[in-house]
Amino acid sequence: MRARLAVHLVRRSFGTMLGLALVAMIIALALLGPFIVPYPDDVLGAVNLTNKLQPPSAAHWFGTDEVGNDILTRVIIGARLSLLVGIAIPLAAALIGVPLGILAGTAGGGLREAIMRLTDLFLSVPGLVLAIALVAALGPGIGNAMIALILVWWPGYVRIAESKALAIREEPFIEAARAAGASQVRILWRHVLPNSLSPLIVKMSMDIGQAILAIASLGFLGLGAKPPTPEWGAMISIARGYLPDWWWYAICPGALIYASVLGFNLLGDGLRDILDPRSNRG
Amino acid sequence: MTTPLLLAQGLGKTYALKQGRTVTAVADVDLALTPGAALGLVGESGCGKSTLARLLLRLTPATAGRISFAGTDITRIPERALRPLRRRMQIIHQNPSAALDPRLTAGAAVAEPLIIQNLARGAALRARVAALLAEVGLTAEFLNRFPHELSGGQKQRVCIARALATEPELLVLDEPTSALDVSVQAQILEFLETLRATRGLAWVFISHNLAVVRLLCEEVAVMYLGRIVEQGPANTVLGAPLHPYTRALLASVPRLGQIAAAAPGEPPNPAVPPSGCAFHPRCPLAEPRCRTDAPALRIAATGHAVACHLVPGTKRAAL
């Protein structure tokens with residue numbers, strides 16, 4: 001019955017369906033990429049200068065880049081890295097933030113103050129600026145960019161988990177579990193965490209898009225993936241030098257960033273309607 | 001007299017507010033419950049009934065007095081030491097919708113106390129859970145239902161099955177039917193009554209329905225502003241009440257063809273309790289000394305305890 005309601009809610013909403021379609025497309029590109037790309041040799045940057053900067057044609061649907069690689073091929077392969085990073089960053093951030101938040105929400109007292117003030121400290125600095133500073137300190141590269149973004153991302157999860165845990169710990173069913181002799185750990189794991197999950201899953205699905213955007217931003221600034229790794233942000237960074245005459249070079253990775261961020265945001269919005277209908281929509 | 005199952009002496013709970021102010025929710029409560037006894041706890045909303053229930057089960061720590069359960073002082077023992085005793089005392093909440101974890105099926109909810117107390121596992125656990133649900137009148141098809149798929153009465157039955165799982169000797173029922181439809185209330189009350197008879201449970205039954213308390217409990221304690229003002233056999237206390245507050249409570253029960261007479265005024269704010277007898281601002285019989293001296297519980301001529309200056313009596317022996 002619940003599943004049917006969920007299907008109904010998804011199918012009724014155009015936005016959710018569009019989000020689902022875009023996300024399905026990105027996932028398909030990531031999974032099938034190596035098998036469907038027209039020029040597998042161009043993935044890691046074969047040099048083919050005779051073909052450089054060609055306009056879109058039947059052979060190269062989105063043209064070629066400055067060393068003659070097929071742009072479509074590189075953009076499709078780029079979906080793997082973006083998707084992986086987009087999922088890994090919110091997941092790792094949630095793994096840090098959720099336990100801290102639930103601990104803060106249920107423990108109260110000095111421990112809660114300590115965790116929440118540390119969280120505020122991180123939240124008070126604009127995320128991308130902090131990430132840039134961290135990458136600058138750690139050194140550029142996709143691994144360090146991910147670490148920096150995870151460090152920027154976890155406080156949001158602390159906030160949500162803490163507020164949910166605060167509300168849930170007052171529920172009579174928690175008292176019933178205590179009356180049965182449940183340990184603190186059992187109450188947290190079996191009652192507080194499962195009941196806090198909905199808004200966290202919604203946030204994670206929204207954050208996938210934001211993380212893809214953030215890693216592309218760092219790539220664009222030269223702090224993330226290094227060419228010739230096919231990464232959307234890094235590609236746009238190079239393509240920027242060829243604007244406006246070779247506009248298709250920048251448009252293609254840009255469109256994919258756009259589509260994936262839009263897709264995950266719309267999907268997250270739809271998930272919220274299903275999982276967390278009472279939360280206020282910002 | 002046998003060892004009481006539950007014994008509270010001078011039990012009190014004071015909450016600290018900001019700026020050093022305090023609210024006393026429960027004060028000076030003496031109670032003794034022998035195995036199998038039924039005590040009704042009545043009083044207006046906010047008089048501390050629910051807080052007292054939580055104090056008795058040590059779901060909230062007392063700030064004054066002591067509680068012992070089956071001869072063990074549980075006032076301050078660590079939660080780990082209390083766990084084996086938790087098996088023997090259970091609570092039924094007012095609102096069954098809030099008392100069930102929305103993420104657990106009825107079967108999982110009933111199984112939880114058995115798992116925590118390590119009483120059954122595997123096939124034996126499944127059989128116990130099914131038997132418990134059957135005992136409360138729910139068939140095996142309810143095992144995998146989630147709370148949102150159950151009616152209010154069914155949810156309360158699941159709560160009762162969960163509370164019975166560990167075969168407790170003491171059950172605290174915090175207005176177990178006030179969140180249910182009237183027709184369902186009667187069913188549940190009837191069921192609870194048979195349950196007590198068959199299982200030999202002792203219970204503390206909190207309610208503001210005086211008729212229900214009279215029917216289901218042999219003894220009644222009337223609370224006003226955190227204190228017990230009258231206590232004794234249900235028939236005496238509710239049949240021939242001595243305390244003006246108990247009389248007002250009884251007069252406020254509507255009857256056919258008769259307008260109910262509510263106690264005048266509002267219950268006082270526990271943060272600013274009245275001086276002397278807490279009931280004096282609303283009491284039709286109040287005398288000057290009621291404003292200055294708080295009356296102690298004394299044994300009246302009828303043999304039950306009353307805290308009122310106007311009722312002659314002798315000092316009650318300490319429990």
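Predicted model: local features only at pLDDT ≥ 70, side-chain atom pairs only at ≥ 80, totals over all residues.
Two residues are taken to be in contact if their C-beta atoms, placed from the backbone, lie within 7 Å. Along the principal axes, the C-alpha atoms of chain B fill a box of roughly 70 × 50 × 45 Å. Of the 319 residues, 45% count as buried. The secondary structure of chain B comprises 11 helices and 13 strands.

Strand S9 of chain B spans residues 219-224, and six of its six residues are buried, so the strand is largely enclosed by the rest of the structure. In a regular strand the side chains alternate between the two faces of the sheet. In S9(B), B:Glu219, B:Ala221 and B:Met223 point one way, while B:Val220, B:Val222 and B:Tyr224 point the other way. Both sets are buried, the charged B:Glu219 included.

The pairing partners of S9(B) come next. Strand S3 of chain B (residues 38-42) runs parallel to S9(B) and is joined to it by four bridges; here B:Leu41 stands opposite B:Ala221. Strand S10 of chain B (residues 227-233) runs antiparallel to S9(B), with six bridges between them. In this second pairing, B:Pro233 of S10(B) is found opposite B:Glu219. S9(B) and S10(B) form a hairpin with two residues between the strands, and in this hairpin B:Leu225 adopts a positive phi near 50°.

Attention can now turn to the meeting of the two chains. Chain B brings 20 residues to the contact and chain A brings 15 residues. On the side of chain B that touches chain A, at least two residues each are supplied by helix H2 (79-86), strand S6 (89-92), helix H3 (96-99) and helix H4 (106-116). The most is given by H4(B), with three residues.

Key
Residues numbered from 1 in each chain as written. Chains lettered and ligands numbered in written order. Buried ≥ 20, exposed ≤ 12 C-beta atoms within 10 Å, placed from the backbone. Pairing = 2+ DSSP bridges.
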